[in-house]
Protein chains: 2
Amino acid sequence: MSELRQNRATKRWVIVAGERARRPDDFKVAEPTKPLPIHDPLCPFCPGNESKTPAEVLALRDPSSSANGPGWQLRVVPNKFPALRPVGDLERREEHDFFRKMDGLGVHEVIIESPRHNESIGTMTYRKVEQIMLIYRDRYIQLGTDPRFQLVTIFRNQGQRAGTSLAHPHSQLIATPIVPSRTRHMLEEAMRHYDDWGSCVFCDMIREELAAKKRIVLETADFVVFEPFASRVPFETWILPKKHNASFGNISAGETRKCARALRRVLGSMHRLLGDFDYNYHISTAPFKDANESYYHWHISILPRLTTQAGFELGSGIYITVAFPEDTARYLARSVKEGGRGR
Amino acid sequence: MSELRQNRATKRWVIVAGERARRPDDFKVAEPTKPLPIHDPLCPFCPGNESKTPAEVLALRDPSSSANGPGWQLRVVPNKFPALRPVGDLERREEHDFFRKMDGLGVHEVIIESPRHNESIGTMTYRKVEQIMLIYRDRYIQLGTDPRFQLVTIFRNQGQRAGTSLAHPHSQLIATPIVPSRTRHMLEEAMRHYDDWGSCVFCDMIREELAAKKRIVLETADFVVFEPFASRVPFETWILPKKHNASFGNISAGETRKCARALRRVLGSMHRLLGDFDYNYHISTAPFKDANESYYHWHISILPRLTTQAGFELGSGIYITVAFPEDTARYLARSVKEGGRGR
């Protein structure tokens with residue numbers, strides 16, 4: 001039997017298609033026939049090819065090494081083909097008083113996570129993932145000081161189905177001079193919930209998920225990881241801080257490390273269960289000016305790309321998912337528990 | 001130089017990435033190494049395999065043939081693995097007063113467009129596409145008489161990248177007991193525009209696109225086809241009736257035929273330019289109860305799947321497109337003109 005379910009934070013409905021439902025162990029992806037090498041001389045992100053990227057904005061490197069040369073552990077560089085650039089002005093113009101546009105003003109950076117070509121978040125050391133997430137935080141805070149930007153979206157595309165052709169481990173961020181429409185919708189719904197109930201809808205969701213105990217993947221002292229009641233895709237997974245906090249930019253270095261450990265632990269288990277699967281994740285956060293609001297709550301959403309979004313999703317906005325999150329969350333939680341807390 | 005552009009109807013921003021921009025003729029897809037056969041004995045939609053689908057709801061067939069046997073030109077059947085079924089009730093329930101859900105009540109049908117396995121909308125005869133669209137209209141009107149349904153979404157998935165594994169030409173429809181979130185957002189924005197300007201935002205868009213003459217693909221006496229100013233993907237194309245009309249269910253048989261001819265003409269040109277490309281299209285329409293509103297305007301959106309939606313799009317709702325619609329529209333319009341008006 002199918003169900004229509006509503007996500008109380010986004011107010012979006014999904015269809016859990018009972019007739020098509022697959023078992024959690026049906027989603028495993030075939031391992032690649034040829035594993036990636038640790039170094040690829042043709043990869044623009046591999047050590048020795050630093051000249052193939054724009055000059056680094058920031059790098060973690062050996063004290064004896066030089067900028068834009070080998071000897072680094074992590075590099076942040078502007079995207080060579082940026083969607084937005086930090087030039088132009090903020091004015092919104094209209095052609096015919098109708099077609100509204102503005103300069104493509106913003107920042108688009110790549111976080112090259114590791115010198116090793118064949119690593120991935122789920123297989124890196126815990127310390128390495130902490131390092132990456134601390135860099136996310138540094139860049140987020142730094143870009144927040146530029147009054148031209150409203151919000152920074154940090155995201156990761158893993159694999160071709162997730163929209164990347166570069167296998168080398170990397171994340172990206174884009175600072176925009178506008179509040180993105182998806183964020184605006186979520187803020188509006190969260191504000192409405194706050195007006196109705198006097199509480200943050202995400203805080204309520206955490207409390208209800210912990211009480212229901214049906215979709216929890218991992219609970220630590222500071223973070224909770226679950227598959228949302230109205231998951232859009234199989235194994236969709238959210239990571240939320242237990243403590244109310246609207247903005248990713250507000251968290252401490254210690255919290256950042258703990259979040260990184262939860263992310264590493266969950267993605268490691270997903271790889272054990274799903275093989276070499278493709279996914280996106282992104283950090284949802286309030287715009288800079290709303291960083292201390294009572295109604296929003298930053299979080300990470302992991303969206304595995306195990307199925308393909310088709311015409312109905314594009315036309316209606318309603319996702320059809322072929323797995324019950326109760327089933328996939330139980331399956332994933334068992335693996336997370338078996339995997340232990342990591343080094 | 002990149003631009004941020006806003007679609008005035010949806011209020012969603014897109015980024016046209018100037019640095020990554022490709023030329024219109026860069027999007028051509030390789031032809032399949034092995035063309036499809038006209039008949040595939042293993043295909044559940046091919047003649048002779050009628051027993052592999054649920055019993056037909058409606059069929060256009062030779063008078064001498066029997067239901068659920070060969071001798072048909074078009075069949076409408078329930079989806080064998082439906083997302084929704086016409087059973088259950090409309091009550092919305094909550095677990096823990098928080099997790100909102102309802103029965104998966106609705107209708108999910110497949111329109112098997114042709115007995116020929118290897119046809120596609122862009123290569124069928126004009127008469128055939130008229131027949132298909134008249135069936136869309138019949139089913140839309142029929143399902144609108146069921147008070148349990150708010151809206152019917154008609155859509156087509158062409159090719160694997162568009163989310164279908166069945167090559168046989170078919171469309172689908174889903175009747176939902178809720179107004180989908182994407183439709184609700186569009187209705188709200190259109191209503192706000194109406195309150196501000198006293199006019200339908202889509203009527204305004206048609207007038208402004210015709211005046212701008214930059215993105216028009218085809219103009220006929222009754223329909224206008226253009227690539228939106230804030231196109232989300234390369235070659236995104238909208239077909240709108242010139243006459244204001246909120247609901248697809250309101251159009252006459254004559255208008256339906258004219259719309260089908262415009263659709264066939266444009267998709268035929270897209271195939272000439274883009275090869276065996278994958279795409280989705282869907283019909284956006286007002287909910288049944290709002291069928292005569294002044295602020296909404298039904299239309300068809302064609303979304304080619306030439307690029308892949310990645311983490312930034314999922315996280316922000318902002319699409320990054322790598323083509324200027326002015327360029328792709330001009331390229332497409334030339335081919336549409338050369339292709340002529342069809343038989």
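How many bridges join strand 12 of chain A to strand 14 of chain A, and in which sense do the two strands run? The points below take this up within a note on the model, which is a predicted one.

1. Overall form of chain A. The secondary structure of chain A comes to six helices and 15 strands. Its C-alpha trace spans about 60 × 55 × 40 Å along the principal axes. The radius of gyration of chain A is 20 Å, which agrees with the value near 20 Å for a compact globule of 343 residues. Of these 343 residues, 50% count as buried. Among contacts between residues at least 6 apart in the sequence of chain A, 69% join residues at least 24 apart.

2. The sheet. In chain A, 10 strands form an open sheet with antiparallel pairing, in the order 3-4-7-9-8-13-14-12-11-10. Its edges are strand 3 (58-61) and strand 10 (216-219) of chain A, each of which pairs on one side only. On average, neighbouring strands of this sheet are turned by 15° against each other, direction ignored. Helix 1 (residues 126-143) of chain A packs on the sheet, and the strands it touches include strand 4 (72-78) and strand 8 (151-158) of chain A. The direction of helix 1 makes about 30° with that of strand 4 of chain A.

3. Strand 12 and its partners. To return to the opening question, strand 12 and strand 14 of chain A run antiparallel and are joined by three bridges. Within this pair, A:T237 stands opposite A:I302 in strand 14 of chain A. Strand 12 (residues 237-241) of chain A also pairs with strand 11 (residues 223-226) of chain A, in the antiparallel sense and over four bridges. There A:V225 stands opposite A:I239 in strand 12 of chain A.

4. Strand 14 and its surroundings. Strand 13 (residues 279-284) of chain A pairs with strand 14 of chain A over six bridges, again in the antiparallel sense. A:I283 has A:I300 as its bridge partner in strand 14 of chain A. Because six of the six residues of strand 14 (residues 299-304) of chain A are buried, this strand is largely enclosed by the rest of the structure. A:H299, A:S301 and A:L303 point one way from strand 14 of chain A, while A:I300, A:I302 and A:P304 point the other way.

5. Helix 4. Helix 4 (residues 253-274) of chain A has 22 residues and reaches 31 Å from its first C-alpha to its last, close to the 32 Å expected. Just after helix 4 of chain A, A:G275 takes a positive phi of about 75°.

6. One buried position in chain B. B:L143 lies in helix 1 (residues 126-144) of chain B. With 21 other C-beta atoms within 10 Å, B:L143 is buried. Leaving aside neighbours within four places in sequence, B:L143 is in contact with B:V107, B:F149, B:V152 and B:A175.

7. Where the chains meet. The contact takes 63 residues from chain B and 63 residues from chain A. Elements of chain B that each supply at least two residues to the side touching chain A include strand 1 (3-6), helix 2 (181-197) and helix 3 (201-212). By class, this side of chain B has 27 nonpolar, 20 polar and 16 charged residues. Strand 1 (residues 3-6) of chain A and strand 6 of chain B run antiparallel and are joined by four bridges. In strand 6 of chain B, B:R100 is the bridge partner of A:Q6.

Note on methods: Residues are numbered from 1 along each chain as its sequence is written. Chains are lettered from A and ligands numbered from 1 in the order in which they are written. This is a predicted model: local features need pLDDT of at least 70, side-chain atom pairs count only at pLDDT 80 or more; totals for chains, interfaces and linings use all residues. The expected span of a helix is 1.5 Å times one less than its number of residues. Two strands pair if DSSP finds at least two bridges between them. Axes are lines fitted to C-alpha atoms, for helices over the stretch in contact, and angles run from 0 to 180 degrees between N-to-C directions. Two residues are in contact if their C-beta atoms, placed from the backbone, lie within 7 Å. A residue is buried if 20 or more other C-beta atoms lie within 10 Å of its own, exposed if 12 or fewer, and partly exposed in between; C-beta atoms are placed from the backbone. Ala, Val, Leu, Ile, Met, Phe, Trp, Tyr, Cys and Pro count as nonpolar, Asp, Glu, Lys and Arg as charged, and the others, Gly among them, as polar. The radius of gyration is taken over C-alpha atoms; the globule rule is 2.2 Å times the number of residues to the power 0.38.
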